[in-house]
Amino acid sequence: MDGSKSRTLFSNSDAAYMRRALELAARGRGQTSPNPMVGAVLVKNDQIIGEGWHRAAGLSHAEIEAFANAQEEVEGATLYVTLEPCCHHGKTPPCTEAIIARKLSRVVVATADPNPLVAGKGIETLRAAGIRVDVGLCETEARRLNEVFFTYHEKKRPFLICKWAMTLDGKIATESGHSRWITNVLSRAYVHELRAQVDAVMIGVGTVLTDNPLLTVRLEGYAGRQPYRIIADGNLRIPLRAKCLTLAKQGEVIICTSTMAPQDKIAELRAMGHEVIVFPGKALLDFTEVMAELARRGIQSILCEGGSSLTGALFQAQVVDKVIAFMAPKIVGGLNAKTPIASWGVMHMDAAIDLHDVVIRRFGADVCVEGYIAPAEWNKVPNKRHPASSASLPAAPQGEVVEPESKASRLKNEVSRKEQS
Ligand SMILES: NC(=O)c1ccc[n+]([C@@H]2O[C@H](COP(=O)([O-])OP(=O)(O)OC[C@H]3O[C@@H](n4cnc5c(N)ncnc54)[C@H](OP(=O)(O)O)[C@@H]3O)[C@@H](O)[C@H]2O)c1
Ligand SMILES: [Zn+2]
């Protein structure tokens, strides 16, 4: 048996308990960073006797919550947990100790923890204590749930989502640069939900200059943390009176600039309490470096909200994990009206980036297409080959259509009062 996975065939009830643990884990969404979302279910005599999830960073881990909520003696029970139990002293003591002390008979783990502090050692510790550990049940779902955490630890960069809103004719603004609003209030409420789930929101200085957005989460009753606001601004053109600066708290804004930036303006921005990271070289930043630096600062996820130059630079650097594109039934025309991605493009349809695990949502008459970019997509070489059209077409990609959500109606009123972005 290898260090992490066993060859166990899991039963249907194993799968049902793990799916329940995944459901519980998802309740921590937006609250747990830099920790992952984790859920745990304790089962004895084919009955759930305890459940728990990691509610927020700094609070108990899922396993400990499940023990605390257990309805009966847990000795001999099976624990279903969506991530390998920790074996290190963090803000809380190791969960492996608690599991061993309570004499569980079996632990079923969805996936090993990519965090080097754990990475298989939690599983080994439990096995060394004589507990049966089975690994790999619902692993795909568990990795997807914590896609941010896995990307951060495995790729040493934040999980990056590029989001844009466009008209039916593919424009993100009119020819004059005006873009408020393309999408309806329901779509915009969803964007606020997305902001609440990430560590940081990012835009280019062009968007600061045209739209002057605030970039905060403004959902009614929202009391969670605000994401960092990251501005890509190689020449440091950002006006000191920009709303994203003046209405931010100390340390909430990170400006990524270059050695081309004027020193006095860097000093002024820092004196205002903003973080300015100066990257060596020309004004056009290399986003591979930018992402690595942001990861070193502990930022695990970023929602990039444009504009087209910045999105292009991110595609150029091949650091985009997911796309969320809204399309509204409006037409603005204009050859010079911007489209979602500038300064990056392929020459041949074979090289187009195909999204996978596509989900289509509807918000009123707006459509939102979400999908992932598999790493292999970046290997497509533009213009490399021009095959003759094939006789048979491949199967249509898998997708899911999500009908208008009741949640969307609930959110409708939440953003309508505060219309600025
Ligand atoms: N509908 C939507 O979803 C949406 C979203 C955002 C914006 N918009 C619209 O898009 C338009 C703005 O787009 P845009 O392309 O002009 O603006 P942008 O991408 O927000 O900002 C472009 C500027 O950012 C800086 N920048 C870009 N790449 C960089 C890199 N690799 N390193 C350092 N700095 C970099 C450059 O500044 P320097 O030139 O100084 O180097 C560049 O001029 C506006 O009309 C806005 O309303 C629409
Ligand atoms: Zn733990």
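Q: Before anything else, what are the helices and strands here?
A: They are DSSP runs, numbered from the N terminus: helices are runs of H or I with at least four residues, and strands are runs of E with at least two. The model under discussion is a predicted one.

Q: Where is Glu268, then?
A: Glu268 is in helix 10, which spans residues 263–271.

Q: Buried or exposed, or in between?
A: Glu268 counts as partly exposed, because it has 14 C-beta neighbours inside 10 Å. A residue needs 20 or more such neighbours to be buried, and 12 or fewer to be exposed.

Q: How many residues apart along the chain are Glu268 and Leu240, and what separates their C-alpha atoms?
A: The two residues are 28 residues apart along the chain, and their C-alpha atoms are separated by 8.5 Å.

Q: And Leu269, buried or exposed?
A: Leu269, also placed in helix 10, is buried, because 22 other C-beta atoms lie within 10 Å.

Q: What does Leu269 touch?
A: Leaving aside residues up to four places away in sequence, Leu269 touches Ile255, His274 and Val276. Its C-alpha atom is also 9.7 Å from that of Ile238, a residue 31 places apart from it in sequence.

Q: Stepping back, how many helices and strands does the chain have?
A: The secondary structure comes to 13 helices and 15 strands. Of the 421 residues in the chain, 41% count as buried. Among contacts between residues at least 6 apart in sequence, 73% join residues at least 24 apart.

Q: What pLDDT does the chain average?
A: The average is 90, and 88% of the residues score at least 70.

Q: Where does pLDDT stay under 50?
A: It stays under 50 over residues 383–394, for which the model has 4 contacts beyond four places in sequence. Where pLDDT is low, the predicted coordinates should not be read in detail.

Q: Now the inside. How many residues has the largest nonpolar core?
A: It has 66 residues, and those with the most contacts inside it are Leu160, Ile231, Ile302, Cys304 and Leu314. Strand 6, residues 159–167, gives the largest share of this core, with 7 residues. Apart from it lies another core, of 41 residues, including Ala21, Ala66, Leu79 and Val107.

Q: Which residues does Leu160 touch?
A: Not counting residues up to four places away in sequence, Leu160 touches Ile302, Cys304, Leu314, Val319, Val320 and Asp321.

Q: What about helix 11, which of its residues are buried?
A: The buried residues of helix 11 are Phe287, Val290, Met291 and Leu294. They cover an arc of only 95 degrees around the axis, so they are on the same side of helix 11.

Q: Why would residues three or four places apart point the same way?
A: An α-helix has 3.6 residues a turn, and therefore residues with that spacing point the same way.

Q: What covers the buried residues of helix 11?
A: The cover includes strand 9 (253–258), strand 10 (275–279) and helix 12. Just after helix 11, Gly298 takes a positive phi of about 90 degrees.

Q: And helix 6, which residues are buried there?
A: In helix 6, residues 147–155, the buried residues are Val148, Phe149, Phe150, Thr151 and Tyr152. Their cover includes helix 5 (139–145), strand 6, helix 11 (287–296) and strand 11 (301–304).

Q: Changing topic, which residues come nearest to ligand 1?
A: Of the 31 residues around ligand 1, Gly204, Gly206, Gly234, Gly306 and Gly307 come nearest. The residues of the shell divide into 14 nonpolar, 12 polar and 5 charged.

Q: Which helix gives the most to that shell around ligand 1?
A: Helix 8 gives the most, with 5 residues. Strand 6, strand 7 (200–204), helix 8 (205–211) and helix 12 (308–316) each supply at least two residues.

Q: What kind of peptide bond joins Gly306 and Gly307?
A: A cis peptide bond, with omega about 0 degrees. Gly307 is in the loop between strand 11 and helix 12. The bond from Arg180 to Trp181 is also cis, with omega near -5 degrees, and Trp181 lies in the loop between strand 6 and helix 7 (185–197).

Q: Last one: what is the phi of Leu236?
A: Leu236 has a positive phi of about 55 degrees although it is not a glycine. Leu236 is in the loop between strand 8 (228–232) and helix 9 (243–246), and it counts as buried because it has 22 C-beta neighbours inside 10 Å. Asn45, likewise not a glycine, has a positive phi of about 50 degrees, but Asn45 is exposed, with 8 other C-beta atoms within 10 Å.

Notes
Residues numbered from 1 in each chain as written. Chains lettered and ligands numbered in written order. Predicted model: local features only at pLDDT ≥ 70, side-chain atom pairs only at ≥ 80, totals over all residues. Core = buried A, V, L, I, M, F, W, Y, C linked by C-beta atoms within 7 Å. Contact = placed C-beta atoms within 7 Å. Near = placed C-beta within 6 Å. Nonpolar A, V, L, I, M, F, W, Y, C, P; charged D, E, K, R; others polar. pLDDT = per-residue confidence, 0-100. Arc of directions from axis to C-beta.
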